[in-house]
Amino acid sequence: KMTTARSFDAKSRENVGTGAARATRREEMIPAVLYGNKKDPVSISIDTRAFLKELSEPGILSHIYDLNIDGKKQKALVRDIQLHPVTDRPVHIDFLRVSEKSEIHVDVPVKFLNEDNCPGIKQGGVLNILRHALHVVCPASSIPESIEIDLEGLTVGTTFHTSELKLPANVKISHLEKSDSVASIVPPKVASAKDDEEDAEVAEDATDKKAE
């Protein structure tokens with residue numbers, strides 16, 4: 001399933017700098033910059049409420065957005081979101097211009113299907129996820145919404161490697177070895193007598209310290 005374009009209304013900003021950025025935020029707008037595709041960077045601002053709503057949805061860094069800047073549309077990808085260190089609210093956004101022909105690097109979330117029909121998990125096995133997202137290279141017009149792994153019928157001891165994934169056409173995994181593990185179904189951890197002894201010793205030490 002490929003991503004579909006979403007949109008943001010944006011305004012161009014003539015004034016830049018710390019003071020101008022603060023003024024923009026007071027107007028419930030987030031300062032942002034649009035760059036790339038061999039064009040000059042443009043300072044813009046995005047409605048805070050609209051962006052927070054989008055931020056609450058998964059995959060914000062892998063969606064193509066239509067930026068409506070003063071009535072003109074430009075396709076762009078969210079490249080970076082700077083958050084306030086205390087409130088975690090976005091204080092600045094970097095957008096990368098893209099065209100239909102642009103080839104881009106992007107992180108795509110991994111999605112697991114049919115856990116209810118997985119014998120390994122039903123028997124008490126645990127899905128050990130090693131990579132929640134994969135870095136891929138693909139045309140901007142072909143960004144996958146997610147990379148799916150079907151768990152139906154799989155048993156404890158199964159490991160998924162990147163070489164076994166079914167990727168959409170024109171999508172390639174970047175910077176990974178073919179044998180890299182994505183996830184595995186591991187046996188349930190059984191507490192041993194040694195673990196019980198160690199737990200008892202820890203509890204005993206804690207009791208001794210309280211008594212001191």
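Which residue stands opposite Asp80 in E6? Asp94 does.

1. **Confidence.** This is a predicted model, so confidence comes before geometry. The mean pLDDT of the protein chain is 82. Of its residues, 83% reach 70 or more. Among the elements, strand E8 (residues 126–129) has the highest mean, 93. Helix H4 (residues 193–211) has the lowest, 52. Read the placement of H4 with that value in mind.

2. **Overall make-up.** The protein chain has 212 residues, and 36% of them count as buried. Its secondary structure consists of four helices and 13 strands. The accessible surface comes to about 13200 Å². Carbon and sulfur atoms hold 49% of that surface. Take the contacts with a separation of 6 or more: 66% of them join residues 24 or more positions apart.

3. **The barrel.** Six strands close into a barrel. The order is E1-E3-E2-E6-E5-E4, and the pairing is mixed. From one strand to the next, the twist averages 45 degrees. Strands of a sheet pair through backbone hydrogen bonds, in either the parallel or the antiparallel sense.

4. **E1 and its two partners.** Strand E1 covers residues 6–12. How many bridges join E1 to E3? There are three, and the two strands run antiparallel. Lys11 stands opposite Ser45 in E3. E1 is also joined to E4, by five bridges, and here the strands run parallel. In this pairing, Arg6 has Tyr65 of E4 as its bridge partner.

5. **The E2–E3 hairpin.** E2 and E3 pair over seven bridges in the antiparallel sense. Gly36 stands opposite Lys39 in E3. Two residues lie between the strands of this hairpin. Asn37 takes a positive phi there, near 60 degrees.

6. **E5 and E6.** Strand E5 spans residues 72–83 and runs antiparallel to E6. Seven bridges join the two. The Asp80 and Asp94 pair from the opening question belongs here: Asp80 stands opposite Asp94 in E6.

7. **Helices on the strands.** Which strands does helix H1 (residues 18–26) lie across? They are E2 (29–36), E3 (39–47) and E6. H1 runs at about 125 degrees to E2. Helix H2 (residues 48–55) packs on the sheet and touches E1, E2, E3, E4, E5 and E6. The direction of H2 makes about 90 degrees with that of E3.

8. **Aromatic pairs.** A search of the whole structure finds three aromatic pairs. One of them joins Phe8 and Tyr65: the ring centres are 4.9 Å apart and the planes are at 20 degrees, so the pair is stacked. Phe8 lies in strand E1 and Tyr65 in strand E4 (residues 64–69), so this pair ties together parts 57 residues apart in sequence. Phe8 is buried, at 3% relative accessible area. Tyr65 is buried too, at 0%.

9. **Phe8 and Phe95.** Is this pair stacked or edge-to-face? The ring centres lie 6.4 Å apart with the planes at 65 degrees, so the pair is edge-to-face. Phe8 in E1 and Phe95 in strand E6 (residues 90–97) are 87 residues apart, and the pair links these distant parts of the chain. Both Phe8 and Phe95 are buried. Phe8, Phe51, Tyr65 and Phe95 form one aromatic cluster.

10. **Val91.** Val91 is found in strand E6. Is Val91 buried or exposed? Its relative accessibility is 17%, and the cut-off for buried is under 20%, so Val91 counts as buried. Leaving out residues up to four places away in sequence, Val91 touches Arg25, Ile30, Pro31, Gln82, Leu83 and His84. Val91 and Arg22 are 69 residues apart in sequence. In space, their C-alpha atoms are 9.2 Å apart.

Terms used. Residues numbered from 1 in each chain as written. Predicted model: local features only at pLDDT ≥ 70, side-chain atom pairs only at ≥ 80, totals over all residues. Heavy atoms only, no water. Buried < 20%, exposed > 50% of the residue type's maximum accessible area, 1.4 Å probe, protein only. Contact = heavy atoms within 4.5 Å. Areas by Shrake-Rupley, 256 points an atom, 1.4 Å probe, with all protein chains shown as cover. Phe/Tyr/Trp six-rings, centres within 6.5 Å; stacked < 30°, edge-to-face > 60°. Pairing = 2+ DSSP bridges. Axes fitted to C-alpha atoms, helices over the stretch in contact; angles between N-to-C directions. pLDDT = per-residue confidence, 0-100.
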